[in-house]
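Thanks for coming, everyone. Let me put the structure on the screen, and then I'll walk you through it.

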Amino acid sequence: MAAGSWQCGLVLTDYQATRFIEDGFVKVEQAFAEETAAECRAILWRATGRDPDDPATWTEPVIRIDAHTEEPFRAAANSPRLAAAFDRLVGPGRWAPRDGLGTFPIRFPSAVPPGDDGWHLDASFQGDADPGDYFGYRVNVASRGRALLMLFLFSETGESDAPTRIRVGSHLDAARLLAPHGDSGLTMMEISTRAAAVTGHRPVALATGRPGDVYLCHPFLVHAAQSHRGTRPRFLAQPPLYPAEPYDVDHGTSPVEQAIRRGLGR
């Protein structure tokens, strides 16, 4: 299956919303301007301390940069195209605007394994975990604390440029795994281990695209990084979209809530 075969205008079509429910993601092409992506990329290059013109300085397979709130990042996060897509997938007034983006896993061409390429779900809330123990953060069936997982592309990303791997439809399996655990849910490590084991049959899509493209993903989507086999560093942000109000798994009408119920066989 080819990733990102759907176009997006100001409002996602019914077909795109249906594919989101079934597949767990939709690609918003040119969600923000390529010029904005270039401005963000220049800021991130400076943050890496590496020279964009000297591959000899690209010594690690991945460098992680914390959140940035400069104007180009705010513009990317709050574009009209994305706002319309958020309204369609989450619901008008049910998501919180972002004041920036992050984190940024910047991947460089390297023969060294990145060490962070396991299949997983991203955590949504802290629960009783130590603040420094992200693997102890939790996910529950109502996706407390996370409305969407998002992948912002700031560089040209082809199949060799370490695009994020996506297990298509895996969010449906994850919902079933989370349901028996109620409001407390499971830790990121627990749900990731279980979800990775039961979603191996799912087809894999690659989050490829141009600078300015954004993948909007169901919060339960199982995904993974991979080694960079290309020639140009890959710049990406993977922030959550935060909810303004909790999801209603039993009665909510958003595509995110419908997908959870689909996974639960309702």
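Start with the contacts, meaning heavy atoms within 4.5 Å. Of the contacts in the protein with a separation of 6 or more, 82% join residues 24 or more positions apart.

Some ground rules. This is a predicted model, where local features need pLDDT of at least 70, side-chain atom pairs count only at pLDDT 80 or more, and totals for chains, interfaces and linings use all residues. Residues are numbered from 1 along each chain as its sequence is written, and side-chain values use heavy atoms, with hydrogens and water left out.

Now the overall build. The protein has 7 helices and 12 strands. Both are DSSP runs numbered from the N terminus: helices are H or I with at least four residues, strands are E with at least two. The radius of gyration is 17 Å, close to the 18 Å that the globule rule gives for 266 residues, so the protein is as compact as a globular protein of that length. That radius is taken over C-alpha atoms, and the rule is 2.2 Å times the number of residues to the power 0.38. Buried residues make up 55% of the 266. Buried means under 20% relative accessible area, with a 1.4 Å probe and protein chains only.

Next, the inside. The largest nonpolar core has 39 residues. Such a core is a set of buried Ala, Val, Leu, Ile, Met, Phe, Trp, Tyr and Cys residues joined through side-chain atoms within 4.5 Å. Leu 101, Phe 104, Leu 148, Phe 152, Phe 154 and Leu 216 have the most contacts inside it. The largest share of this core, 5 residues, comes from α2. Apart from it lies another core, of 15 residues, among them Val 139 and Phe 220.

Which residues of α2 are buried? Thr 36, Ala 37, Cys 40, Ile 43, Leu 44, Trp 45 and Thr 48. Their cover includes β2, α3 and β3. Helix α2 has 15 residues and reaches 21 Å from first C-alpha to last, close to the 21 Å expected. The expected span is 1.5 Å times one less than the number of residues. Just after α2, Gly 49 takes a positive phi of about 75 degrees.

Last, a sheet. It is open, with 3 strands in the order β8-β6-β10 and antiparallel pairing. Two strands pair if DSSP finds at least two bridges between them. The edge strands, β8 and β10, each pair on one side only. Strands β6 and β8 pair over 3 bridges. Arg 167 stands opposite Val 204 in β8.

Definitions and conventions:
Buried means under 20% relative accessible area, exposed over 50%, partly exposed in between (1.4 Å probe, protein chains only).
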